[in-house]
Amino acid sequence: MLAPVPPVLLSCGGMEEFRPNIITVAWAGTVCSEPPMVSVSIRPQRFSHEIISATREFVLNLTTVSMAKAVDWCGVKSGRDVDKFEGAHLTPFPSEIVSAPGIAESPVNMECRVKKVLALGSHDMFIAEIVAVHVSQELVDKRGKLRLEDAGLLAYAHGGYFALGKRLGFFGYSVKKK
Ligand SMILES: Cc1cc2nc3c(=O)[nH]c(=O)nc-3n(C[C@H](O)[C@H](O)[C@H](O)COP(=O)(O)O)c2cc1C
């Protein structure tokens, strides 16, 4: 019932034995600032679980409202049966450090290396360090500040996809002097 959460597209593979694949993941989170680390929880039955267990790397791609259908599609089809980059009309681009490609349509791509795997029950949690980040240049303003609020980020809550609403404040605004 924790909601909303970001429905991210995790791209993996891209090595000889695994062609690039994409899995939609809603059970994802930030778990550490220094070093920057994220977690993703994935069922062992998923093809992507097999790939990440073998390669120990992936790219986390944030998603936008215009990607909603692709997000859903990548979450109901398996890379065992289809090429998801082709089927979802998503564009792979080469990563800097890991072998898995990023997704060009995403506003932010985080290259990750797995550090720990926790078997929790239905899902295994992959805890990974972010080793490189890419952001869409059209979201960077003249002063070099990332305008993520202009990306049209997608949210997932209780089985539904939502566009984020209007901004109500910013970090620390409740104590800012007028
Ligand atoms: C919105 C959404 C969120 C999902 N979140 C997760 C998740 O957090 N963990 C997981 O194992 N599967 C999750 N899934 C299911 C997988 O994305 C789905 O089983 C997918 O087909 C697996 O692809 P693969 O076999 O190519 O790895 C989610 C699906 C959707 C539509």
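## Exercises on a predicted model

R43 places a backbone N or O atom 2.9 Å from an oxygen atom of the ligand. The model is a predicted one.

**Exercise 1.** Find which residues come nearest to the ligand, and what share of the ligand's area the protein buries.

Solution. 
1. Start from the R43 pair: its distance of 2.9 Å can be set against the cut-off for a polar contact, a pair of N or O atoms within 3.5 Å.
2. Turn to the area: the ligand taken alone exposes 650 Å², and 89% of that is buried by the protein.
3. Widen the view to the 23 residues around the ligand; those that come nearest are T24, S48, K77, S78 and G79.

**Exercise 2.** Determine which members of the largest nonpolar core touch the most other members, and which element gives the most residues to this core.

Solution. 
1. The core holds 26 residues, and L10, V25, V40, I42, I52, F58 and L60 touch the most other members.
2. Two or more residues come from each of β1 (8–12), β2 (21–25), β4 (37–42), α1 (47–55), β5 (57–61), β8 (108–119) and β9 (124–135).
3. Of these, β8 gives the most, with four residues.

**Exercise 3.** List what I52 touches, leaving out residues up to four places away in sequence.

Solution. 
1. With that exclusion, the contacts of I52 are L10, C12, I42, E57, F58, V114 and F126.
2. Keep the other core apart: a second, separate core has 11 residues, including L9, C74, F85 and L154.

Conventions:
Residues numbered from 1 in each chain as written. Predicted model: local features only at pLDDT ≥ 70, side-chain atom pairs only at ≥ 80, totals over all residues. Heavy atoms only, no water. Core = buried A, V, L, I, M, F, W, Y, C linked by side-chain atoms within 4.5 Å. Buried < 20%, exposed > 50% of the residue type's maximum accessible area, 1.4 Å probe, protein only. Contact = heavy atoms within 4.5 Å. Near = heavy atom within 4 Å. Polar contact = N/O pair within 3.5 Å; in protein donor to acceptor, adjacent residues only side chain to side chain. Areas by Shrake-Rupley, 256 points an atom, 1.4 Å probe, with all protein chains shown as cover.
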